[in-house]
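Here is a short report on one chain.

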Amino acid sequence: MAAQRDQLWNFAPEIIPCEITIMSEAKRTALEMLIHKLKHERDELSLQMHLGKQELVDEWDSVQHNLDQLSQRFEPLKKAVAETSEDVWDSLKLVGDEIRDGFKRIRKSLGA
């Protein structure tokens, strides 16, 4: 799964291979909602960390970086109009799940 994620990060966003240029409306909406929820959770956790748990900064930086990359890589894909390859969907979903798991670890460490 990590190899799929790394492969996704390695394509140039301005040059999208033809097999990943198309995404269904349902998947596009699901990814938009996932990114929105992850950003909201990021903002809540950022405030909690700022208030006292500085030892989580390394974990935070890694998760923040992954969320930024997911959001940037999704931008060119959300404008596509039909169905994309399952590999791209699986890769984007995997990255989103990894970010969510990172947030859970941070939240658990904060005792929230």
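## Model and conventions

This is a predicted model: local features need pLDDT of at least 70, side-chain atom pairs count only at pLDDT 80 or more, and totals for chains, interfaces and linings use all residues. Residues are numbered from 1 along each chain as its sequence is written, and side-chain values use heavy atoms, with hydrogens and water left out.

## Fold

The chain holds 4 helices and 0 strands (DSSP runs numbered from the N terminus: H or I of at least four residues for helices, E of at least two for strands). Its pattern along the sequence is α-α-α-α.

Consider contacts with a separation of 6 or more: 89% of them link residues 24 or more positions apart. Contact means heavy atoms within 4.5 Å.

## Burial and surface

Of 112 residues, 38% are buried (under 20% relative accessible area, 1.4 Å probe, protein chains only).

## Helix 2 against helix 4

Helix 2 (residues 25–50) and helix 4 (residues 86–110) have axes that come within 11 Å and cross at roughly 20°. Helix 2 is therefore roughly parallel to helix 4 (angles under 35 degrees). Axes are lines fitted to C-alpha atoms over the stretch in contact, with angles from 0 to 180 degrees between N-to-C directions.

Residues in the contact include Leu31, Leu34 and Leu38 of helix 2, and Trp89, Ile99 and Phe103 of helix 4. The contact residues divide into 12 nonpolar, 2 polar and 7 charged.

Methods: Parallel < 35°, antiparallel > 145°, perpendicular 65-115°, else oblique. Nonpolar A, V, L, I, M, F, W, Y, C, P; charged D, E, K, R; others polar. Buried < 20%, exposed > 50% of the residue type's maximum accessible area, 1.4 Å probe, protein only.
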